[in-house]
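Reader: I would like to learn how to read the contacts between the parts of a model. Could you take me through them one by one?

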Amino acid sequence: MSEILDAATAIQLSPALVVKSLVKTFSRQGRAVQALDDFNLTVHEGEFVAIVGPSGCGKSTFLHMLGGFEPSNGGTIELDAKPITGPGPDRGMLFQDYALYPWRTVYGNIIWPLEVQHVPKAERAAIVERFMSLVGLTHFRDHYPAELSGGMKQRVALARVLAFDPKILLMDEPFGALDAQNRELMQEELSRIWDRTRKTVIFVTHDIDEAIYLADRVIVFTARPGRIKQDVKIELPRPRGPDIRKSPEYTQYRNLIWDLLREEVMRAREEYN
Amino acid sequence: MANQTVGHKALDLIRRTYSIFVVLAAWEIVSHSGWVSPRLTPGIEKIAVEFWGLVTSGDLLFHGRITLQRAFIGFGLAIFGGIALGTLMARIRWFDILFEPLFSFGYPVPKISLYPVFIFVFGFGDLSKIMLIFLECLYPITVHTYYGMKSAERVLVWASRNMGANSQQLFWRVLVPSAAPTIFSGLRIAVPVALIVTIITEIIGESKGLGYIVSFSAAQFEYGRSLAAMFSIGVVGFVIDRLLIALRKHIIFWQKDSMPIV
Amino acid sequence: MPVRLIGLIPPLALVIIWELCGQYHMLPRYLVPPSLIVSTTWRMLLSGELIGHIGASMFRIAMGFLIGSICGTAAGLISGSVRPVERFYEPLISLTYPVPKTAALPIIFAWFGLGDAAKIVAITLSIFYPCYIAAYYGAKSVAGIHIWSARNMGATRLQIFFRIVLPSALPQIFNGLRIAIGLSFIVMVTSELIAAQKGLGYLVGAAEDNMRFDIMWVAVVTIGIIGFCADRILLMIRSRVLMGQLLGKDQAHG
């Protein structure tokens, strides 16, 4: 018994992602804008971390830097003790506008990363089938993205990102373009899938409910320049069903994070006016 | 019931095409009214007879083949050259720096006035015409390819790089398909240009081709034949345009709406 | 950006090589060295000869462009917003649009004579189509929500046409005008090559016939410069007029 527990805590405690004193400046119309300033974060393996913050606080920029799409102006990002220098398949990215290839079917989109990574042909079909059924889209295999609803598109993108088995998932407001009902359903679906895969996830959102419902930790960003205002541990039991949204603990978390966020939003507003 | 739908369909067809008949009827009336010289504005029946004459004498086939050959060779060369140049400019920085000004500054310059020069350089025959067609078509195709390749959606590129795609995969599987619609608009602009230039060069100085029949017949006051030849040029243009639209639907199937070229 | 200036190297190098070859008499007769083109241009400018040809060509282009673009754009806008008009125009346009209108040049000369009228008609006819099509699709693609909100505020049909449809169609209309300007130069040069007493296209043809290649090049270069300037002026007007609508969008080609 204790052996199992030890193993579990050992896995829990090995840091997967280490960010040290990260700096990011933009130049916007000749003016230097500080997006991130001396930013530090450690994420452990198998953790689901949500990032919330006022708009323009640099949370999306941070995620793009993790993805290797944008360079930093100082500091380091290490994944499994190796520094990140550019985009790579060890970090799977889920975009808000899906980034599905309109000329490929559902099947074609999910198999694409396997083609890119030269996964043996014999194995590809089985992998695609597995993830298509995991997101419940087996019947839509031959549909083109234009024929799918927003929620279905994001499920295809999720299956695609899981198919190439990255070490860590980066999600950039993946459900931001969905309507309220689809959003909740997708959150439940993601929670269910995460329970089965237990990937490390960094999830950027502006929706507090989404963050609490999904994450083990909610990181609240300050207004620009982005720093960690507070790191809130969400100790709700898993697996989390839809009823958990009605529990008193949930409401407490919600109030706490909303208060933290409100301060920052007000501060950002004063600064801009 | 069945009758009613047939009636509906007929009515719909009339509603969608009546203006063509209005214009044709107007032409007939003007031609027979005596207000204009019937020689200058022959009736449709006369044009039809002349057209049939062109068909049966084999003239249409002979000259039409020459016209199409020139147009297609010039256009084909421009497709290869334009797509290659546009791609290189979009992908290789020094290529971009060297050639982009040549295309952005040269685009609005009327190249037709170079035709006399081309005649001296490439001779009076096919080559000078083909080269002018090539030059005129090269510009829209190159520029559209360039912009199509440059403006591939950022997330699509990011997503592929995220999966570890190498630059070759990125090019063939992402950039080429996402540039395809733009390249096609370039082709659709270039097709009428190819025909226009072919006909112009045949009108100005030549003894073969459909454009030559138009100008030669007009010079001999055979306006009926001239109009008949014009009509056949129109048919060629129309058919090519429809073929291109069909091809586009087939190749770029994921984009349902086919926007106009302008 | 100084890096961009590197792009000037190939054309400059070409001109220099051209000139050097000319100095050492290594050019065929029809390729006149640039220095001679410049000096001939200067002479023809001083004598007023060149101005006369430019004036003749510009008059035809201006008239043809004005008539053709106004008629084409107006017809396209109305057709795009009034159903019965659309039903009349659409079959005619879609049938005759892909037909190269330059094929009609000999007939137009027969009908309208060899003077300015025929050339203006030829230009008008050629550019009617791109203007019509651009304006038609521009009017068709007006966002329904804009029209609804205007109706909701009690706007009349005319108000909706001039205040909503016309401005929303403007970006498309300018695309059409840009194609039209290029076309009108092609038609101008061609029609003047075929039959004219004056004008830049005539100058190219006549100089060629008389083996005065220096004059031919003067005309060719002048046509190029004027065509280029006309396009840039249109682009300038466009960016002025479309200030709000172009914000945040990539500039179009060029």
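Author: Gladly, and we can begin with chain C, which along its sequence follows the pattern α-α-α-α-α-α-α-α-α-α-α. That comes to 11 helices and zero strands, where helices (H or I, at least four residues) and strands (E, at least two) are DSSP runs numbered from the N terminus. Along the principal axes, the C-alpha atoms of chain C fill a box of roughly 75 × 55 × 30 Å. Please keep in mind that this is a predicted model, in which local features need pLDDT of at least 70 and side-chain atom pairs count only at pLDDT 80 or more, while totals for chains, interfaces and linings use all residues. Residues are numbered from 1 along each chain as its sequence is written, chains are lettered from A and ligands numbered from 1 in the order in which they are written, and side-chain values use heavy atoms, with hydrogens and water left out.

Reader: Which chains have the most contacts between them?

Author: Contact means heavy atoms within 4.5 Å. Two pairs of chains touch, and the most contacts are between chains B and C. Chain A and chain C are joined by no contact, and their closest C-alpha atoms lie 14 Å apart.

Reader: How many residues do chain B and chain C put into their contact, and what area do they bury?

Author: Chain B brings 58 residues and chain C brings 54. Buried area is the accessible area (1.4 Å probe) that two parts lose on being put together, summed over both. For chain B and chain C it is about 5,100 Å², with 78% on carbon and sulfur atoms.

Reader: How many salt bridges and polar contacts are there between chain B and chain C?

Author: A salt bridge needs a side-chain nitrogen of Lys or Arg within 4 Å of a carboxyl oxygen of Asp or Glu; between chain B and chain C the count is zero. A polar contact is a pair of N or O atoms within 3.5 Å; within protein, one must be able to donate a hydrogen and the other to accept it, and residues adjacent in sequence count only if both atoms are side-chain atoms. Three residue pairs meet that rule between chain B and chain C, both residues at pLDDT 80 or more. On the chain B side, the elements that each supply at least two residues include helix 1 (2-33), helix 8 (167-204) and helix 10 (223-251). Helix 10 of chain B has the largest share of that side, 10 residues. By class, the chain B side has 39 nonpolar, 10 polar and nine charged residues. Here Ala, Val, Leu, Ile, Met, Phe, Trp, Tyr, Cys and Pro count as nonpolar, Asp, Glu, Lys and Arg as charged, and the others, Gly among them, as polar.

Reader: What does the contact of chain A with chain B look like in numbers?

Author: It takes 27 residues from chain A and 18 from chain B. The two chains bury about 2,000 Å² between them, 66% of it on carbon and sulfur atoms. In chain A, Phe69(A), Trp103(A) and Trp112(A) lose the most area to chain B, together 32% of what that side buries.

Reader: Which side chains form the salt bridge there?

Author: The rule finds one salt bridge across this interface, and the side chains of Glu115(A) and Arg173(B) form it (3.0 Å, N to O). Polar contacts between chain A and chain B come to nine residue pairs, with both residues at pLDDT 80 or more. Strand 6 (91-94) and helix 3 (106-116) of chain A are the elements that give two or more residues to the chain A side. Helix 3 of chain A gives the most, with four residues. That side divides into 15 nonpolar, six polar and six charged residues.

Reader: How many aromatic pairs does a search of the whole structure find?

Author: Rings of Phe, Tyr and Trp (its six-membered ring) pair if their centres lie within 6.5 Å; planes under 30 degrees apart count as stacked, over 60 as edge-to-face and the rest as tilted. The search finds 35 aromatic pairs over all chains. For Phe69(A) and Trp158(B), the ring centres are 4.3 Å apart and the planes are at 5°, so this pair is stacked. Phe69(A) lies in the loop between helix 2 (59-67) and strand 4 (76-79) of chain A and Trp158(B) in helix 7 (residues 154-162) of chain B, so the pair joins two chains.
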